[in-house]
Amino acid sequence: IARVLCPGGTYFSQHVGPASVVELVEYFLGPVPEENRTWRSPERARVAAEAAGLTVVDLRMEELHTEFRDIGAVVYFLRKVIWMVPDFTVDAYLDKLRALHDRIEADGPFTATTTRYLIEARKPVST
């Protein structure tokens, strides 16, 4: 980005944050190692942007909630966001899906934390 951004230009973007929807991933795969939870941290983005010569003007992170109200929504999500549970198929995870379905029916939506961050960075004007 720094290479192609014009001097004085602004980079503004939203990124997936650290450990986004990790509760769902851990339900299917078990505990996620700490280094996998933090590799998408906004601070890493700041360090990378500054190392590339950009000035970070603003960096904001939010924790939001994603509610899965039925098992169909879980299946749809995992089939579209294939990196969450890389080997996901309904057949492979049928027992866990059935158990999660029963849990949703009994207790209500399965809620996962979704993280996003905004970064605004500028390329200094050449002198």
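Which side chain does Arg 98 meet in a salt bridge? Arg 98 pairs with Asp 102, at 4.0 Å from N to O. A salt bridge here is a side-chain nitrogen of Lys or Arg within 4 Å of a carboxyl oxygen of Asp or Glu.

The structure is a predicted model, in which local features need pLDDT of at least 70 and side-chain atom pairs count only at pLDDT 80 or more, while totals for chains, interfaces and linings use all residues. Residues are numbered from 1 along each chain as its sequence is written, and side-chain values use heavy atoms, with hydrogens and water left out.

**Salt bridges**

By the salt-bridge rule, the count is 6.

Side chains of opposite charge can pair when their charged atoms come close. Arg 98 and Asp 102 are separated by about one helical turn, because they lie 4 residues apart in helix H5 (residues 94–107). Helices (H or I, at least four residues) and strands (E, at least two) are DSSP runs, numbered from the N terminus.

The paired residues can also be described by accessibility: buried means under 20% relative accessible area, exposed over 50%, and partly exposed in between (1.4 Å probe, protein chains only). Arg 98 is exposed at 52%, and Asp 102 is partly exposed at 43%.

**Nonpolar cores**

A nonpolar core is a set of buried Ala, Val, Leu, Ile, Met, Phe, Trp, Tyr and Cys residues joined through side-chain atoms within 4.5 Å. The largest such core has 23 residues, and Leu 24, Phe 28, Val 74, Leu 78 and Leu 100 have the most contacts inside it. Two or more residues each come from helix H1 (22–29), H4, H5 and strand S3 (110–122). Contact means heavy atoms within 4.5 Å. Beyond its neighbours within four places in sequence, Leu 100 is in contact with Leu 24, Tyr 27, Phe 28, Ile 71, Val 74 and Phe 110. A second, separate core has 11 residues, among them Ala 2, Leu 59, Tyr 117 and Ala 121.

Pro 86 lies in the loop between helix H4 (71–80) and H5, and is exposed at 63% relative accessibility. Pro 86 and Val 25 are 61 residues apart in sequence, with their C-alpha atoms 9.9 Å apart in space.
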